[in-house]
Structure formats: C-alpha cells, structure tokens
Amino acid sequence: MAVYKQPCRQCGSLISQDSRFCPKCGSRAPFVDLCPTCLREIRREDMRCSGCGRPLHIACPRCGKQTFVGEKCDACGGSLLKQCLNPRCGEMQFFENAKCTACGKKL
Ligand SMILES: [Zn+2]
Ligand SMILES: [Zn+2]
Ligand SMILES: [Zn+2]
Ligand SMILES: [Zn+2]
C-alpha cells in the first residue's frame, strides 16, 4: 500500500499525510494553520479564531509590520515562537501565549 506524502508547509520536506507534526523541522501544523492559543484550525483570510476569538493578524514584535499568527513573521521571517520554560516540556509556543498549550505552565 502506498503511503501518501505531502510537503510540510514550513520546510518543504515530504512527510506522510497523517503526521501530527513535521519530523524534520518540528512544526506542529505541517499542512494547516492552527490557532497558536487554542490549536483550532484557522484560515489566513479570517479576522479572528472561531475557537478563542484571538486576532489572527498581529504586529510583529521584531519589525512591527502586520503578520499572520504563524510560526514566522510574514514580513521579516523572524520566529514568532518562544520555548516553554518547563524543562520537561520545552515545546515551542507562540510568543503571545500566557500559558503553554502542551503542559499548561505559565510562560
Ligand atoms: Zn517541516
Ligand atoms: Zn483560537
Ligand atoms: Zn517581522
Ligand atoms: Zn510547556
């Protein structure tokens, strides 16, 4: 049986379609955009997340330009993620998140 592969949106590696995250670059949303706060599927053309209501376009903390709430800034390419401080977790989290979506610890 053939295993269907699809390119990761973040790094372009071909990975199997049922992957929960990209084994190459560690992206947790290799095929779709997920809300960084509540992890619901979101679309770039939407204004707000249908789950938690957070705005999906924000000012980049590095360059100040408008960017989608992805893993990287659309304008300068800088990372919009920070690492969870819990040593047993260490998940990459969106910089605006008040608590880690993986372990629940305050960031
Ligand atoms: Zn990847
Ligand atoms: Zn949300
Ligand atoms: Zn930027
Ligand atoms: Zn964590």
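Q: Is Cys100 buried or exposed?
A: Cys100 counts as buried, because its relative accessibility is 4% and anything under 20% falls in that class. Keep in mind that this is a predicted model.

Q: And what about Cys89, buried, exposed or something in between?
A: Cys89 has a relative accessibility of 24%, so it counts as partly exposed.

Q: Which metal do Cys89 and Cys100 hold on to?
A: They are donors of the zinc ion (ligand 4). The protein donors there are the SG atoms of Cys84, Cys89, Cys100 and Cys103, lying 2.2 to 2.4 Å from the zinc ion. Cys89 and Cys100 link distant parts of the chain: Cys89 sits in the loop between β7 (81-83) and β8 (92-94), while Cys100 is in the segment after β8, eleven residues apart.

Q: What geometry does that site have?
A: The site of the zinc ion (ligand 4) is tetrahedral, with angles of 105 to 112° among its four donor atoms.

Q: How are those donors spaced along the chain?
A: The donors of ligand 4 follow the pattern C-x4-C-x10-C-x2-C.

Q: Okay, on to ligand 1. Which residues coordinate that zinc ion?
A: Cys8, Cys11, Cys22 and Cys25 do, each through SG, at 2.3 Å. Their spacing in sequence is C-x2-C-x10-C-x2-C.

Q: Where do Cys8 and Cys25 lie?
A: Cys8 is in the loop between β1 (5-7) and β2 (14-16), and Cys25 is in the loop between β2 and β3, so the pair ties together parts that are 17 residues apart in sequence.

Q: Why is the arrangement around ligand 1 called tetrahedral?
A: Because the four donor atoms around the zinc ion (ligand 1) subtend angles of 105 to 111°, and four donors count as tetrahedral if all angles lie between 85 and 135 degrees.

Q: How accessible are Cys8, Cys11 and Cys25?
A: Cys8 counts as buried, at 4% relative accessibility. Cys11 is partly exposed at 36%, and Cys25 is partly exposed at 38%.

Q: Now ligand 2, what coordinates that zinc ion?
A: The SG atoms of Cys35, Cys38, Cys49 and Cys52 coordinate it, at 2.3 Å. In sequence, the donor residues of ligand 2 are spaced C-x2-C-x10-C-x2-C. The angles at ligand 2 are 102 to 117°, which makes the arrangement tetrahedral.

Q: Switching topic: how big is the largest pocket?
A: Its volume is about 640 Å³. There are 27 residues lining the largest pocket, and the closest to its centre are Ser27, Arg28, Ala29, Glu71 and Leu81.

Q: Which strand gives the largest share of that lining?
A: β8 does, with three residues. Both β3 (33-34) and β8 supply at least two residues of the lining.

Q: What sorts of residues make up the lining?
A: The lining of the largest pocket divides into twelve nonpolar, six polar and nine charged residues.

Q: Last one: where is Glu45, and is Glu45 buried or exposed?
A: Glu45 is in the loop between β4 (41-42) and β5 (57-59). Glu45 counts as exposed, at 61% relative accessibility. The C-alpha atoms of Glu45 and His57 are separated by 9.5 Å, and the two residues are twelve apart along the chain.

Technical notes
Residues are numbered from 1 along each chain as its sequence is written. Chains are lettered from A and ligands numbered from 1 in the order in which they are written. This is a predicted model: local features need pLDDT of at least 70, side-chain atom pairs count only at pLDDT 80 or more; totals for chains, interfaces and linings use all residues. Side-chain values use heavy atoms; hydrogens and water are left out. Donors are N, O and S atoms within 2.8 Å of the metal (3.2 Å for Na, K and Ca); water is not among the atoms, so sites may look incomplete. Four donors count as tetrahedral if all angles lie between 85 and 135 degrees; four count as square planar and six as octahedral if opposite donors are over 155 degrees apart and all others between 65 and 115; anything else is irregular. Helices (H or I, at least four residues) and strands (E, at least two) are DSSP runs, numbered from the N terminus. Buried means under 20% relative accessible area, exposed over 50%, partly exposed in between (1.4 Å probe, protein chains only). On a 1 Å grid over the protein atoms alone, a cavity is a set of points where a 1.4 Å probe fits but cannot get out, and a pocket is an open set with protein on both sides within 12 Å along at least five of seven lines; lining residues have an atom within 4 Å of a point. Grid points are joined across faces, edges and corners, and a volume is the space filled by probe spheres set on the points. Ala, Val, Leu, Ile, Met, Phe, Trp, Tyr, Cys and Pro count as nonpolar, Asp, Glu, Lys and Arg as charged, and the others, Gly among them, as polar.
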